[in-house]
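Subject: Structure for you to look at

Hi there,

Here is the structure I promised to send over. Have a look when you get a moment, and my notes follow below it.

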Amino acid sequence: MEKMTLSSKTREAQSPTEKWMRYLGFPGGILLFLLILFLPPGAGLSASAQSGAACFALALVWWVTEPFPTYVTSLVLMFLLLVTRTSNAKAIMDVLGMEVIWLNLLAFILSSMLVKTRLAKRMALWLVVRFGHKATWALLAFLVLQLVLAPLIPATAARCVMTLPLMIVVATIYGSTEATPNAFGKNLMLLNLACISVLSSITMTGSSANLIAVGLIQNMGGHRVYYMDWMRVGAPVAILTMVLMWILGQKLLFRMKPGEQVPQVEGGLDLVRRQYEAMGPLGFQEKKAIAIFGLVLFLWMTDIFHMRWFGVEISAPFAALLGAVIVLFPRWGILSWAEADIPWHLLIFSAGAYAGGLALDDTGAAEWGVRMLFGGMNLKGVPFGLTYTVVVSVMMYSHLLTTSKTVRTLIMIPIIISLAKALGWNPLSLALPAALCIDWVVGLPISGKPNVVLFSTNQFTVSDNFKYGMMTCTIGVLILVLSGATWFHWLGITPSFWAVAP
Amino acid sequence: MNLMRMLLILLLPAALAAATRIESYTIQLHASPEGRGQATAILSLSNCAPGMLVVPLGFSAPEDLKIEGSPTGVWLELGPRNGMTSLHFHFPAGMPANATLRFTFEVKQVFQALQLAPGEKSTLPKGSRIFRHAFVNTQETPIGTYRLELLFPEGFMAQAIREQLPKPKKNEVGSRVLLSKTADHQAATLQFTDLHQGDDTSMILELVPTQRSIGWLLAGLLLGGVYLIKFRDLIAKGRPAPGA
């Protein structure tokens, strides 16, 4: 509990299935790569897009089956992107300087500060003493925490970073470590992962991609979407989905053994309480850590005022950078560089994943995939409900094809607006529900910035993430379809599900 | 002088009302493996009036320019070649208001010549071709839709679209350049709508032979095979637990 080390070791295969997956994953990835690379050139797909898709498919198979550590797969992917001429050397290398990589690095310096000063331990012990009589309530406490933070801090990575130390310590209390992850750890990390992304869709200011979608709906669809218009449709869907995932995660996906449902420290909850009381009042170093973290938090929360106050916007990584400077400052700071626990293997994994994702976007492979999904369907003359279900499903699951919410929004929303117009529906009836899916980037560790950060805890595998993410998206689609037929219809956003356009 | 101005002001709306409008301007350029190109262009016009219509071509040195289909009496000549070649169409009296003009021409060198200076490193693999095209509407006549379709030589595909300008506007769906495939050929289409005087559009494509190197197949199969042999122990029964 005193340390927060993220090991670079590959998790050992547990079951015979996992062993076979690992054994066959390597040649399987190569076969898929060759299959896509040697497919006849498709209409609308350039050679670089085809090779980019081949490289990404190989990496995806290897990340899921783990014949190598994930960061080695990332290095292989970066090399393949170069030698297949999918991306140039500069584009690949520049990824290591991306905002998300810097935010990861700086976040771990701040997390190390919270761990060293034992502030993370204090907060985690308090949380467990207060809500942790049963693991299920501890999980619910995190859901509520993310729900409160979502409207306050739009940057998902920032929200993830500030709650990460708490997650790690609470997971440890319930016996889930990076070496021996258990079902509680999986539930905790994946519930937070989903909450951080999905709850961003509560408000239209939850992410910049939401605002882009609102702009597109206004400019292309001719409908202005107000803050409350978005919230009254977005909030119920997002909150209800996450409450259902809180239940289904424990009951269906990762069932917790009886032993994992209570704190797994010797002496049980009493010992946790005694440990909490033994910590005494806040120490000077802890207060200093609160002040530094408070400053960073303040900058994250007030980013819309920065231009007015300072004449420049201090973005999330730069706010964290300022915090890191103070933390590492000689004499007045809290940490020395050697004490900062920076998981370089995670940064390499992230760099490779983003290089692959960007290659899909830049070469047009992602856009091509989306067009193929819509182009293959004839939706003329079908009831609105069917068109609505198809649009929402494609939008929801398309996050698996691209790592950028902005790119996905810019590709998909104009297509959906044009589709609505061509089919004779009000553009708002399809575009707004589709826009609510923008932030649901929960399917893979590379789908979003928080996913990358949380994957580094080694508490869950790529396939765990995929299972949890797909269930979240499927429940989201079901709720959106149900809402489209009832709630959105009563609000005048959607026509009757049985209506057929003239 | 004042009388002249008055006359101009009075005549201007009438002149504008009578101005020929280019509804669409489509060029299909079929490139041969040797690098020559055969182009077929179609101009759809409305509000035609007798006189001259100047249309920018977008290719600097066309050869064998011929009108293949037009109303009777229309004739065509190439305009001055000050960097931008223009087509000068002469419309006779009694020109129908709506007309379609079809003309053909040849392009001697479709692809950019890749010449390396001594000691200079090539940045493109052997067999690659670069196609550059830029079109500027130099005339006051607006163009409804400009479309250039390049049919690739047989056995070539697009490696990448290096440039496609201008970026799509907010109300445009999709990319400026679209790749497609006909029965035998791959093609790239540059499309831009509503070009006013001074508006321009361009694309740069890199083409490569369709055939992929067999080296990928050999290396992939070899690696996969060696792994299956050397890592058999991963699935061996009774494999000792790590650290045991």
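A definition to start with: buried means under 20% relative accessible area, exposed means over 50%, and partly exposed is in between (1.4 Å probe, protein chains only). This is a predicted model, so local features need pLDDT of at least 70 and side-chain atom pairs count only at pLDDT 80 or more, while totals for chains, interfaces and linings use all residues. Residues are numbered from 1 along each chain as its sequence is written, chains are lettered from A and ligands numbered from 1 in the order in which they are written, and side-chain values use heavy atoms, with hydrogens and water left out.

Salt bridges first. Over all chains there are twelve of them, a salt bridge being a side-chain nitrogen of Lys or Arg within 4 Å of a carboxyl oxygen of Asp or Glu. B:E206 pairs with B:R162 at 2.2 Å, N to O. B:E206 is in strand 13 and B:R162 in strand 10 of chain B, so this pair ties together parts 44 residues apart in sequence; strands here are DSSP runs (E, at least two residues) and helices likewise (H or I, at least four), numbered from the N terminus. B:E206 is buried, at 0% relative accessible area, whereas B:R162 is partly exposed at 48%. Through shared partners, salt bridges join A:R85, B:R162 and B:E206 into one network.

Within chain A, A:K405 and A:D439 also form a salt bridge (3.4 Å, N to O). A:K405 sits in helix 19 and A:D439 in the loop between helix 20 and helix 21, and both residues are buried.

Next, a helix pair. The axes of helix 10 and helix 20 of chain A come within 10 Å and cross at roughly 170 degrees. That makes the two helices roughly antiparallel (angles over 145 degrees, on a scale from 0 to 180 between N-to-C directions). Residues that meet there (contact is heavy atoms within 4.5 Å) include A:A213 and A:I217 from helix 10, and A:L428 and A:A431 from helix 20.

Finally, which helix gives the most to the nonpolar patch? Helix 15 of chain A does, with five residues. The patch covers about 860 Å² and has A:W102, A:L295 and A:F318 among its members. Patch residues have over 30% relative accessible area and no salt bridge, with nonpolar side chains (Val, Leu, Ile, Met, Phe, Trp, Tyr) joined within 5 Å. A:F318, in helix 15, is exposed at 52%.

Best wishes

How values were computed: Patch = residues over 30% accessible without salt bridge, like charges linked within 9 Å, V, L, I, M, F, W, Y side chains within 5 Å. Areas by Shrake-Rupley, 256 points an atom, 1.4 Å probe, with all protein chains shown as cover. Parallel < 35°, antiparallel > 145°, perpendicular 65-115°, else oblique.
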